[in-house]
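Open the model in your viewer and keep the selection tool ready. The tour goes stop by stop.

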Amino acid sequence: MRGFLASSVGVTCAAALALPLTLPATPAEAGPSTLTSEAAAPGSTQSLPLVPLSRKRSLGPAAPTQGLTRRNVRPFSLVGVVWDDPGSELNGRVQVRTRAVGTGDWSDWQDVEAHNDEHAADPDTAESASSRVHGSTAPLWVGNSDGVEVRVEAERAAWDAGEASEPEDDAGGGPEYGREAAPAAASLPGGLRLELVDPGGDPPSRDARTAGRAGGAPSGLRARSAHPGVTGGGGAKATVIPALSREETARTYFSDGTDQRRATPYIGPRPRIITRHGWGANENLRERGFLYTKTVKAAFVHHTASGNKYSCSQVPSIIRSIYRYHVVSSGWRDIGYNFLVDKCGNIYEGRAGGAAKAVMGAHTRGFNTNSMGIAVIGTFGATKPTDSALKAVSRLTAWKLGLYGANPRGKTYLKSAGGNLYRKGKNVRLNVISGHRDGFATECPGRLLYGKLGSARTTAARYQGR
């Protein structure tokens, strides 16, 4: 197992909440990194170096291409491509096809989102500067598979492809390649590798009624241990943070023994959240410490770009795969998102540190401080998000933003840490619920999800009682 960085962020909490509570300083680092061997952990990652591929001469000139021809591999369910230098971009097209376990059927060629650097830690942070970090595509969920083929082709704009037509597939259904290796593709980043992720088995099922962890209250907010759903389970790890009514939520997080005649704060009811233990996170993979910021002023909505061909029963496996890909393959300290939402409206805890706390993620390069990232599982450029997913986003933001006094229909200022839209140090006025593309030039969260954020803001504000 590779060594993990020991990063830290100094934080001081002073968020103004709906009730007059002051958030005291929060320790930036919870402790040193202590890890066990990855060999003892559930799941696995196969890392296969890509090799140059050349088309037959009769097909005419083509852009440099690397990949792997069809091959048998150990079972996996998620794929991605990584490379050595995180500062290098993969300007090209990445496609894979896979063979399903059981049927032996090969899929059609599927595109993998090549541009993924906008989902990352902020520039000039310990997490982004770690020698473990690699460039990486978005992950693609393909289901239980045991065969793979991949091709990575540089952008044709940089090459004189003339009038060459697209190559015909050979008998195996793939592009027709000769035996001779093409020259090194200077326009492709170095060290390209195919990552095949096996998420491991699902955790044992537990009755959600016995789950009791509250996910941690923000510093200064009083989560009463006697309240139902805050403690319990006989000390066992909880799989679910149970839902609370709006009144129960206000009492749980804002009751501090002061005058109870004060106005109810603007906060939505706490939604049901499946914990890291609930989706089976292997805590030996991530860095052991936690990073916190001062407050949560905004929520950035993302899509995972991992495809829409999944059932909700597969989601724990998908999240375990993304988690392993972010940590083992991309070299991040933990999964990048603070929360994930599936098409059925289930909400999952993401990066470790406490669901109610201001945990610093790696989701929106340049704007990870004082924000949270919510990833809707799927790809929404041409597919509409479900109503259930949108409702979950609204409920989650109404609760979490309400803990820190933020109005989902409002605007706020965040200071850019640097990116391709805003220079470092610029104070940027953003919607409290923003899409990823509002902070970075990217297609994320997809056109059709981005277009629904206005209604999500209105619904979240209504949940808060505004």
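Contact here means heavy atoms within 4.5 Å. This is a predicted model, where local features need pLDDT of at least 70, side-chain atom pairs count only at pLDDT 80 or more, and totals for chains, interfaces and linings use all residues. Residues are numbered from 1 along each chain as its sequence is written, and side-chain values use heavy atoms, with hydrogens and water left out.

**Stop 1: Lys424**

Select Lys424. Leaving aside neighbours within four places in sequence, Lys424 is in contact with Asp124, Ser416, Ala417 and Gly418. Show the side chains of Lys424 and Asp124: a polar contact of 3.0 Å joins them.

Lys424 sits in the loop between strand 15 (411-415) and strand 16 (427-431). Helices (H or I, at least four residues) and strands (E, at least two) are DSSP runs, numbered from the N terminus. With a relative accessible area of 54%, Lys424 is exposed. The scale: buried is under 20%, exposed over 50%, partly exposed in between (1.4 Å probe, protein chains only).

**Stop 2: the disulfide**

Select Cys312 and Cys344. They form a disulfide, with sulfur atoms 2.1 Å apart; the cut-off is a pair of cysteine sulfur atoms within 2.5 Å. What does the pair tie together? Cys312 lies in the loop between strand 11 (298-303) and helix 4 (315-329), and Cys344 in the loop between strand 12 (339-341) and strand 13 (347-349), so the link joins parts 32 residues apart in sequence. Cys312 is buried at 16%, whereas Cys344 is partly exposed at 45%.

**Stop 3**

Seven of them form an open, mixed sheet in the order 9-10-13-12-14-11-17. Strand 9 (240-241) and strand 17 (433-435) are at the edges with a single partner strand each, so one side of each has no neighbour in the sheet. Strands pair if DSSP finds at least two bridges between them. Strand 12 and strand 14 (residues 371-376) pair in parallel over three bridges. Pick Val341: its bridge partner in strand 14 is Val376.

**Stop 3: helices on the sheet**

Select helix 7 (residues 453-463). Helix 7 packs on the sheet, touching strand 11 and strand 17. Its direction makes about 165° with that of strand 17. (Axes are lines fitted to C-alpha atoms, for helices over the stretch in contact; angles run from 0 to 180 degrees between N-to-C directions.)

Key
Polar contact = N/O pair within 3.5 Å; in protein donor to acceptor, adjacent residues only side chain to side chain.
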